[in-house]
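Have the model open as you read.

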Amino acid sequence: MKTKKVAITGFGLAFPGWQNGMDSFGPDSFGPDAGRIASGGFACEDILGKKGLRYKDQATRLALCAAKLALAETGLEAGAELGNGDGFGVVASSNFGNVDTVCRVAECIEAGHTRDVSPMDLPNASSNVIASNLAIRFGLRGVNLMLCNGSGSGTDAVWVAANCIRRGRADRMLVVGVEPKNIYVERALSDFSDRWLESDRAVPFREGAAALLLESEEAVQRRSAKVLAWVGAYAGGSASMAAFPFMGNTAGLEGLDAWIPPTRMYPPLNALLDAWELRMRESHHGLKVIAMEPEGETYGTTGVLQACLAASLLERKKYRKVAATSGLTWGDRPSSLIYSGAN
Amino acid sequence: MTWAKNPSLEENQELEPMGMAITGMGLVTCLGKGKKETFQALENGRTGCGPLTLFEPARFNLTNAYEIRDEAGQAGEPSHRATRWLLQAIAEAVQDAQVDLRNKKVAVVVGTGLRELGSLERWSLSKEAFAVRDLHFGNAVRDFLRLECPVLTFSNACSASNFTLDVAEQLLELEEADLVIAAGTDSITQSMLGLIDRTNSHPPAHLQPFGGETKGVLMGEGAAAVILEKKPKRAGSGNVKAWIRGVGICCDAFHETAPEQAGMEKAMRDAHARSGLSPDEVEVILAHGTGTPLNDGTEAKALTGVFGERMKTIPLLGLKSSIGHTSGASGLAAVITSVLAMDKGLLPPTHGPYSAMEEARDFRIHWETLPFEFRISQVNAFGFGGVNAVVMVEKVDRV
């Protein structure tokens with residue numbers, strides 16, 4: 001069988017507390033189309049309906065919201081187009097997804113006995129609850145993967161999902177990155193903020209979910225869908241300058257005119273990012289570096305959010321080819337993907 | 001970072017039919033800190049079931065678990081258990097493969113149910129310092145191997161390590177890696193142990209796959225790792241221990257914790273189809289068999305649905321009876337057990353005896369070591385969320 005091209009055909013975002021005018025990077029960065037984005041104050045029930053949300057944790061709720069927006073926008077949400085969902089898979093990315101349940105239940109037992117815990121917490125104790133809920137809610141019966149891979153996890157998720165389509169494991173993949181914010185997340189962030197921020201401020205955190213829809217070229221043609229962008233090559237696993245990937249004559253990078261780098265939030269990383277930016281600009285004349293700073297760490301969501309931004313920019317023909325790099329936060333290794341516009 | 005070997009591979013390239021070669025294996029369980037030790041204990045009919053020592057027993061109804069214990073018979077060091085054994089299993093596998101990783105384009109894929117949440121729990125209880133970056137295994141693995149390579153940590157519940165084989169195959173097929181270390185690891189966490197305890201009113205003393213009387217799962221701990229490469233072009237070349245013929249995958253999209261018979265059957269048939277095998281060619285089945293009526297009853301019906309009357313004659317091994325439910329490690333632990341069994345021409349017993357549930361009444365479960373030559377086995381793994389992954393293993397005749 002032949003490898004298949006992978007298209008981005010839709011995306012959806014759910015970021016509570018995110019507003020235009022407040023952040024340098026906000027919903028406005030995605031253009032005038034508001035349909036795909038839930039921001040500011042919104043209730044998950046308004047997007048998903050009331051049914052079936054009662055025991056879902058915050059990460060699962062946000063993931064479902066973003067996915068619903070992505071699927072609704074592309075008209076793929078149910079019905080004949082979806083069929084029985086066999087060729088439609090899921091990759092979810094989250095690190096903090098269920099830590100609130102895990103810590104709360106452990107503390108409850110420590111203070112007493114297992115009879116004191118609620119059995120309704122069992123599903124949320126399994127770290128893949130986000131991925132399985134996406135499958136259940138939308139009837140997606142293909143490969144189902146939950147990636148908890150640190151700060152590059154979102155990019156890695158897009159990569160793995162694209163590979164599933166490339167080799168024929170799926171025709172369509174839903175990729176969702178999500179991180180919740182709660183007292184355990186805040187405590188974890190403040191525990192090592194001094195090392196990473198070189199101050200005693202807590203690391204600011206932006207909770208939210210980003211969903212991306214990937215389809216094979218044939219699936220796109222079958223329903224005459226609009227291609228926002230194509231998913232290209234991946235590089236990951238090393239921060240070494242010697243293995244720096246963006247040198248001009250590397251195949252797949254011709255015509256690169258934009259780069260979304262990792263966050264500039266951490267002073268210890270800025271020297272490395274400065275060096276990368278310099279090399280990038282040298283290798284690609286006229287390169288635009290697009291700072292995506294959602295006023296807080298987005299951790300496992302970042303790579304998917306970057307993909308959504310890249311897709312949006314390419315759809316609006318702002319650029320021809322966009323590279324995006326996530327990872328590096330707290331000592332992880334970077335992951336990068338290339339996205340190119342549909343001509 | 002280096003780009004994929006052939007970035008234009010995305011453009012309509014012909015892919016070779018796959019299957020993967022296992023060139024090295026490593027295994028850490030409550031029965032032994034290496035694959036030989038574990039298999040010898042299995043062959044001797046031993047079980048690793050014992051009293052719970054990792055947590056305060058007075059807080060639980062259950063009394064037993066399949067903990068990895070130290071010389072004093074206690075759970076020992078509570079911190080970073082899953083990470084520690086993962087590295088041990090990987091070390092054994094790399095040693096077994098006799099390979100210099102620096103000459104290869106390597107990726108590591110780790111399947112886990114609970115990642116390093118055990119240490120996160122201890123942090124939340126103020127028992128130890130913990131960095132969030134250690135929740136996933138990437139940094140520990142890269143530091144240990146001294147390799148700058150992609151490491152992917154998948155939290156795919158009880159079928160996680162079987163899923164890693166599908167991801168490994170993806171990376172090899174698309175030439176994103178020359179060599180993939182696929183691994184699984186899990187330790188027992190207080191929250192998962194506690195929630196299982198809370199939802200089973202009569203916890204068993206032992207885990208009895210397809211058991212009729214005592215019902216329920218008991219948690220185990222362990223790690224397993226295999227070194228995977230593309231099938232060599234010439235037969236007999238390379239240090240091949242066994243073949244992975246194919247991996248069947250699907251998601252029930254049905255329930256967060258309950259399994260679905262149709263989904264289990266679909267994964268099995270997908271595994272057979274991808275492997276170019278008919279159900280008649282399957283000679284041994286290593287069941288998922290968790291000891292819960294829900295999984296085991298559904299799995300028994302699914303097996304009967306696929307294999308029919310042959311379920312009376314195909315030997316069925318319930319490995320969890322001996323090593324407990326090792327969650328993310330369980331799929332690969334069974335794959336490795338199968339390879340060792342193929343090499344030795346014998347099947348270790350399911351730890352018992354006990355009477356089987358109605359749905360499995362006619363299954364061929366053996367309570368003593370069984371001399372048995374076989375070439376093709378099936379390893380089932382079904383996880384919370386309806387994530388199903390079934391692996392077909394084939395014997396390699398060793399020189």
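This is a predicted model: local features need pLDDT of at least 70, side-chain atom pairs count only at pLDDT 80 or more; totals for chains, interfaces and linings use all residues.

What follows goes from a helix to the cores, then to a pocket and the cavities.

Residues are numbered from 1 along each chain as its sequence is written, chains are lettered from A and ligands numbered from 1 in the order written, and side-chain values use heavy atoms, leaving out hydrogens and water.

Start at helix α2 of chain B, residues 81-97; helices here are DSSP runs of H or I with at least four residues, strands are runs of E with at least two, and both are numbered from the N terminus. Among the buried ones are B:Trp85, B:Leu86 and B:Ile90. They pack against several elements of chain B, including β1 (20-28), α1 (35-43) and β4 (106-112), where contact means heavy atoms within 4.5 Å. Just after the helix, B:Gln98 takes a positive phi of about 50°.

Now the cores. A nonpolar core is a set of buried Ala, Val, Leu, Ile, Met, Phe, Trp, Tyr and Cys residues joined through side-chain atoms within 4.5 Å. The largest has 190 residues, and A:Leu214 and B:Leu165 have the most contacts inside it. Apart from it lies another core of 34 residues, A:Leu69 and A:Val129 among them.

In helix α5 of chain B (residues 160-173) you'll find B:Glu169, which counts as buried because its relative accessibility is 5%.

On a 1 Å grid over the protein atoms alone, a cavity is a set of points where a 1.4 Å probe fits but cannot get out, and a pocket is an open set with protein on both sides within 12 Å along at least five of seven lines; lining residues have an atom within 4 Å of a point. The largest pocket has a volume of about 680 Å³, and B:Ile196 and B:Phe384 are among the lining residues closest to its centre. Helix α8(B) gives the largest share of that lining, 3 residues. The largest cavity has a volume of about 130 Å³.

Conventions:
Grid points are joined across faces, edges and corners, and a volume is the space filled by probe spheres set on the points. The expected span of a helix is 1.5 Å times one less than its number of residues. Buried means under 20% relative accessible area, exposed over 50%, partly exposed in between (1.4 Å probe, protein chains only).
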